[in-house]
There are 2 protein chains.
Amino acid sequence: MNERDEESVGQPLAILCGGGAFPLEVAAEARRGGRAPFLIGVVGWSEPGIEVYPHVWVRVGEVGKLFGALKERSISELAMIGRVARPEFSDLRLDWGAVKRAAELSQLFRQGDNGLLIGLARIFEREGVRVVGAHEVAPRLLAPSGAFGARSPSAADEADIALGASLIEAMSRFDVGQAAVVAGGRALALEAAEGTDAMLARVAELRASGRLRHRGPAGVLVKAPKREQDLRLDMPAVGPDTIRSAANARLRGIALAAGEVLILERDLCAREADAAGLFVYGFDP
Amino acid sequence: MNERDEESVGQPLAILCGGGAFPLEVAAEARRGGRAPFLIGVVGWSEPGIEVYPHVWVRVGEVGKLFGALKERSISELAMIGRVARPEFSDLRLDWGAVKRAAELSQLFRQGDNGLLIGLARIFEREGVRVVGAHEVAPRLLAPSGAFGARSPSAADEADIALGASLIEAMSRFDVGQAAVVAGGRALALEAAEGTDAMLARVAELRASGRLRHRGPAGVLVKAPKREQDLRLDMPAVGPDTIRSAANARLRGIALAAGEVLILERDLCAREADAAGLFVYGFDP
């Protein structure tokens, strides 16, 4: 345990909860690491399940209420975890705390996703709230190096993984996509606003309709953060849903940038991947 | 009319017909330019409508029959036009002409789409058949510079067009995608194996489901060839279906690399774009 960890033991940690079960998993890991999680539920985004922890609910745009809740509890660290639906700026219900920052907030909404998150983090930090990443408070959730589960990629799969990783890197300066499906040296699908599961559903459809004709399992889902991405703000994540979507698309496996992609419910993922005959592999980015 | 055109007047021109109405449109333009079109229908790909021209039907893999038909008619130029479903090599029904070239053909199937087409063209050329592009035999089908139809892009649209063009250029060394949808500086969708219409259907779904929240029309479809692409072999094309798909996705307009993208049924496209409130714009690549 390093110095920082020692200092932070017992310290409260706010978790701004996007959708899905991931915020709860990070909260459990943080608690296991000695932190006291305080969950911020966002109406319309967060699961009701967050209420098993100390929590507060806010609406998108209730910036003043959010900062008030953090100050009241002397919370100086916050992690932003889970899927968020990007709102239109004009849809926000702004409270006074938001109105004070309206010019800056409206600026953010002209950015790509990455720019939006960087700007949000800057606002938090100016209020004395350090933004930390899931990898800092829950490092056991990161993709390890090498195969986990029973299967490993072939040499041809490794070539597809390398191609997918280069492709994601080439797209990254456009603040787009963290995933691609590559089969036999050919990119079948590139992720943008639709997200990974929808991209995999598309590959499944292309195969079912005969537009992509492969005999048996084919292709690898490659997932890695954009190069400039601040991992504290938006680390790519996979979970059992990803395994199921990849199995439906009849892929050969899933490759994750080791140490840079989070895995939800890892044991379940490994079991489901084994059952579906998929490899799950952490490649060195 | 330049020297080559004079020489080619009255010369037969073979058109290897992929799917859709585009091969017929190229045949009509070629005939208008004084050529004698001979259409090669591919079972499962080509429209029955090709039979209004002198033609022969072949199955995928009947390479010998195809070359025989060209030799018999002393045809020395061929254009490959229209949508093709990439077959698996193992699905091909190879005739003797294909078996003789099997090693080379199977090599091709390990390439991306672009590599596959380049290799095919090389095989034709070695048999003394020059491969020509739609832009050479039907230049009136190319996207012109500037707006056509009633509407023009705004300054913000032009920024999105520039971003989309850069993104397609960055992807082009991976032999993937000739289209992207960009809205307000953000890439919403990138095309890979699914094709442009399916990509636009995805944007329409993301909007209908509320995952993408824009008030009113938003975004531009940008279409341009890959940088290394041999335009004789696979020139991007749009048509009335593209206009309809873009209208369904509630885009603001369509931007095409001028001189490098083909437009099917241009007058109908302009009318439909005007009716849907879309701009159609040829940008200088």
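Start by selecting A:Glu194: at 2% relative accessibility this residue counts as buried, where buried means under 20% relative accessible area, exposed over 50% and partly exposed in between (1.4 Å probe, protein chains only).

Before going on, a word on what is on screen. This is a predicted model, in which local features need pLDDT of at least 70, side-chain atom pairs count only at pLDDT 80 or more, and totals for chains, interfaces and linings use all residues. Residues are numbered from 1 along each chain as its sequence is written, chains are lettered from A and ligands numbered from 1 in the order in which they are written, and side-chain values use heavy atoms, with hydrogens and water left out.

**Stop 1: around A:Glu194**

Stay on A:Glu194, which sits in the loop linking β8 (186–190) and α9 (196–208) of chain A. Helices (H or I, at least four residues) and strands (E, at least two) are DSSP runs, numbered from the N terminus. Now show polar contacts, meaning pairs of N or O atoms within 3.5 Å; within protein, one must be able to donate a hydrogen and the other to accept it, and residues adjacent in sequence count only if both atoms are side-chain atoms. The A:Glu194 side chain makes one of 3.0 Å with the side chain of A:Arg202. It also reaches the backbone nitrogen of A:Ala192, at 3.0 Å.

Which residues of chain B are in contact with A:Glu194, leaving aside its neighbours within four places in sequence? Look for B:Leu188, B:Arg202, B:Leu206 and B:Arg211; from chain A, A:Met199 and A:Arg202 are on the list too. Contact here means heavy atoms within 4.5 Å.

**Stop 2: the hairpin in chain A**

β7(A) and β8(A) form a hairpin with two residues between them, and A:Gly184 in the turn has a positive phi of about 55 degrees. The two strands pair in the antiparallel sense over four bridges; strands pair if DSSP finds at least two bridges between them. Click on A:Val182: opposite it in β8(A) is A:Ala187, while its bridge partner in β9(A) is A:Val220. β7(A) and β9 (residues 220–223) of chain A run antiparallel, joined by four bridges.

Is β7(A) mostly covered or uncovered? Covered: five of its five residues are buried. A:Ala179, A:Val181 and A:Ala183 point one way, and A:Ala180 and A:Val182 the other. In a regular strand the side chains alternate between the two faces of the sheet.

**Stop 3: the six-stranded sheet in chain B**

Switch to chain B and trace the open sheet in the order β6-β13-β11-β9-β7-β8, with mixed pairing. The edges are β6 (146–148) and β8 (186–190) of chain B; each has a single partner strand, so one side of each is left without a neighbour in the sheet. From one strand to the next, the twist averages 25 degrees.

Next, pick out β11 (residues 253–257) of chain B. Five of its five residues are buried, with B:Gly253, B:Ala255 and B:Ala257 pointing one way and B:Ile254 and B:Leu256 the other. Toward β13 (residues 279–283) of chain B there are five bridges in a parallel pairing. B:Gly253 stands opposite B:Phe279, and B:Ile254 has B:Val280 as its bridge partner. With β9(B), β11(B) pairs in the parallel sense over four bridges, and there B:Leu256 faces B:Lys223.

**Stop 4: the five-stranded sheet in chain B**

Last, find the open sheet ordered β3-β2-β1-β4-β5 in chain B, with parallel pairing. β3 (55–58) and β5 (130–132) of chain B are the edges, each with a single partner strand, so one side of each lacks a neighbour in the sheet. The twist here averages 30 degrees from one strand to the next. β4 (residues 77–81) of chain B pairs with β5(B) over three parallel bridges, and B:Leu78 has B:Val131 as its bridge partner.

Finish with helix α2 (residues 22–32) of chain B, lying across β1 (12–17), β2 (36–42) and β4 of chain B and running at about 170 degrees to β1(B). Helix α3 (residues 63–72) of chain B packs on the sheet as well, touching β1, β2, β3 and β4 of chain B.

Technical notes. Axes fitted to C-alpha atoms, helices over the stretch in contact; angles between N-to-C directions.
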